[in-house]
Amino acid sequence: MPFRNLNDGVTPVVIGGNDWAAAWAMDERGNPLYPVGRGYSGERQRELAYRFGVNLVMHVLTGNYKSDQVHVPALLNRLGQ
Amino acid sequence: MTGSFVFDPLLPWWLIIALAGMAMTAVALALHRGLSGWAFRAMAALVVVAALAGPVFQQEERGRLSDIILMIEDATASNRLGDRADLTAEAAEALATRIEARENTVLRRITVADGVDNSGTQLMTALSEALAQEPRGRVAGAFILSDGRLHDAERAPDMPAPLHLLHTGRESDWDRRIKIRNAPAFAILDEEVVLTLEIEDMGNAPSDARTAALDVAVDGAEPRRFDVPIGRPIDLPIRLPHGGRNVLEFHTPVMEGELTDRNNTAIVQINGVRDRLSVLLVSGEPHAGGRTWRNLLKSDSSVDLVHFTILRPPEKQDGVPVRELSLIAFPTRELFLEKIDEFDLIIFDRYKRRGILPALYLDNVRNYVEQGGAVLIAAGPDFASADSLFRSPIEHIVPGRPTARVLEEPYRPRVTELGQRHPVTAGLEAEFDGDWGQWLRQIEVQPEGGQVVMSGIDEKPLLMLDRVGEGRVSLLASDHAWLWNRGFEGGGPQLELLRRLAHWMMKEPELEEEALWAEATDQTMRIIRRSLSENVGDVTITTPGGEDVVLPLQEVSPGRFEALFDGPDIGLYRLASDTHSAVIGLGPASPVEFEETMAGDMDLRPMLEATGGGSFALVDGLPRLREVREGRPAAGRGWMGITPRDAFETLSVRQTALLPPWLVLLLISGLIIGGWLREGRRT
């Protein structure tokens, strides 16, 4: 992890092969601006793009929160001993 | 004036010997052949050889030098016990008179005082230094008047003359002391540490005593008395009562006839440190400041951080199948019911009621605080809302009531006048260069008790601290502390502020608002009193001797009052000011001078034996002085020897040649002519 020590393990740049921004884009009324895939499978792709976006924001806001959680059960176990 | 023959050969010795050999061979040949003048020729050869060897009569004029005798008087604390000082002084005078009465003898007197920094009796250093200043060849002896206890035996010099010890011990001497075998400098709170100590009787102690009373006092409190066996190490399990400096005082009553009471008390100072601190951080939602809290707590290696962020509140119903979510359960029951007492600090960071923590759990949080826990609420806009954490059983302990207004405008946080005196915020400006950056949001709260140490927009309270029951609560009425962290408008001392805040909540002794303590350097102590009030009472110092000294305290910075006091004695000082009290031990825990108080030659014996000197007890009277030759035993029953060195200096040298050239010429020519005449007449 190249950014482990720099920015709480949060990467400043995300590069991917998918056009997430196009899937997220919507107009004032909330309708998608660009088509994604075809039919039902396209909607599924858009849904997953949204979920990826949510996860990305969570990652940026919480840093390595999730990797810390690995230690929580051990910490809780140690408490009260 | 002394005279001696020396040779000053004109040729190398081997050449002279070779010439002599050749001459002898020639003479022997002459004798064999019946040469009548052979005796003349042999004598002529002898004269030549003798002239070549160059005999000289050397006369020296010598000045006799005096013998030097060193006398070292021990004036250290261990040689001032009882009547030792008088005994030493008397003997020194008597010995000095005797030595000075000897002809041609010079006495050098050296007095050894207590070594600096508790280094004890530096007798051998003094002896080495004195020897270095005198020519070795003139030193005829050295006398040490001491209790014989020294702490630099490894620096003993190579003595050219006998070294004698006149010690101040008595047969009847005895002393009881407390010896601390091992005392940790640090100990973890709530864990037992074992301290080993021993009460030891030295010398001619009353033999019927098997046990001795031992008083143990912690932080100057009323001592508790135990009966402990003498002469056996005792393991004393100790549990420190509080963090910071704990002063343990051990004392055994002074017995009749003891040499000194100075080693009957031992002071041990142990710093109490906490084991790992457990902090529970509950973030109500992911937000930009969340990482700030985490980083702060993670950066402290002594903190175990349990962090939960509510990523997805339970009321969210959007039809996502559970198997497509990767969420971590929030073990609320375990955290807030079963293990809540194990945490040292609980931080609610923008937390709002969401049906995750039932009222019962929050009531338990209130309980936890009242029984000594700590809760820090970093309020976001949620705190002003209807779902505010305030609208729960926690209401009773939170120092501020939200007015439901959220003020969103830039402002610069300020430390209030009270905050200048409070250890959490005192001197915060000095921790950061330049102006602090602005914050952009503040939750309006109505103070309900507690202390406002920082203010924001229009002096509205920003940081409030309060004590509830035995616990502590603080409320930070903004979630924008992270702006300082990210350097917004230059940033601010966010790290220092949050660190101090967290440590104050966890009851670090050095961040107590009302405190009295002292710092000691050598024999001077700086008494420090921190207080939130503007005036504090005088401090009363009770010295080890039981005297009371009252000193006024001067305010040196807001909320910090100081006084300086020079403690004349080593020992435990009790301080009291207003309702606070403290104890401090001045000087080394056990002065090295009083560790061994029995006088005798135990430490010095190898050195005395090496020089042929002896040791004598001064109470038996001063031994006679006697002259002995170098290398002979220099001590015996009732006498001690010095070795006169007969040193001299050469003032002038005069050399007279025994065979001057004219005499050689005359002798050789006379003998050769005599030989020639004799040989010529016979033929």
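## Calling things by their names

Mentor: Let's start where two helices of chain B touch: B:Ile16, B:Leu19, B:Ala20, B:Ala23, B:Val27, B:Ala30 and B:Leu31 of α1(B) meet B:Trp38, B:Arg41, B:Ala42, B:Ala45, B:Val49, B:Leu52 and B:Ala53 of α2(B). This is a predicted model, in which local features need pLDDT of at least 70 and side-chain atom pairs count only at pLDDT 80 or more, while totals for chains, interfaces and linings use all residues. Residues are numbered from 1 along each chain as its sequence is written, and chains are lettered from A and ligands numbered from 1 in the order in which they are written.

Trainee: What makes two residues count as being in contact?

Mentor: Their C-beta atoms, placed from the backbone, must lie within 7 Å. By class, the contact of α1(B) with α2(B) has 13 nonpolar residues, one charged and no polar. Here nonpolar means Ala, Val, Leu, Ile, Met, Phe, Trp, Tyr, Cys and Pro, charged means Asp, Glu, Lys and Arg, and the others, Gly among them, are polar.

Trainee: Why is α1(B) called roughly antiparallel to α2(B)?

Mentor: Axes are lines fitted to C-alpha atoms, for helices over the stretch in contact, with angles from 0 to 180 degrees between N-to-C directions. Under 35 degrees is roughly parallel, over 145 roughly antiparallel, 65 to 115 roughly perpendicular and the rest oblique. The axes of α1 (residues 13–32) and α2 (residues 38–53) of chain B cross at roughly 175 degrees and come within 9 Å. Therefore α1(B) is roughly antiparallel to α2(B).

Trainee: How do you know that the span of α2(A) agrees with its 24 residues?

Mentor: Helices are DSSP runs of H or I with at least four residues, strands are runs of E with at least two, and both are numbered from the N terminus. The expected span is 1.5 Å times one less than the number of residues. For α2(A) that should give 34 Å, and its end C-alpha atoms are 35 Å apart, which agrees. Just after α2(A), A:Gly63 has a positive phi of about 65 degrees.

Trainee: How many helices and strands does chain A have?

Mentor: Four helices and zero strands. Of its 81 residues, 5% are buried.

Trainee: Why is β17 of chain B described as largely enclosed?

Mentor: A residue is buried if 20 or more other C-beta atoms lie within 10 Å of its own, exposed if 12 or fewer, and partly exposed in between, with C-beta atoms placed from the backbone. Five of the five residues of β17 (residues 345–349) are buried, so this strand is largely enclosed by the rest of the structure. Both faces are covered, with B:Leu345, B:Ile347 and B:Asp349 buried on one side and B:Ile346 and B:Phe348 on the other.

Trainee: What makes β15 and β17(B) a pair?

Mentor: Two strands pair if DSSP finds at least two bridges between them. β15 (residues 277–283) of chain B and β17(B) have five bridges, in the parallel sense.

Trainee: Which residues take part where chains A and B touch?

Mentor: The contact takes 13 residues from chain A and 17 residues from chain B. In chain A, α2 (39–62), α3 (65–69) and α4 (72–78) each supply at least two. By class, chain A's side has seven nonpolar, four polar and two charged residues.
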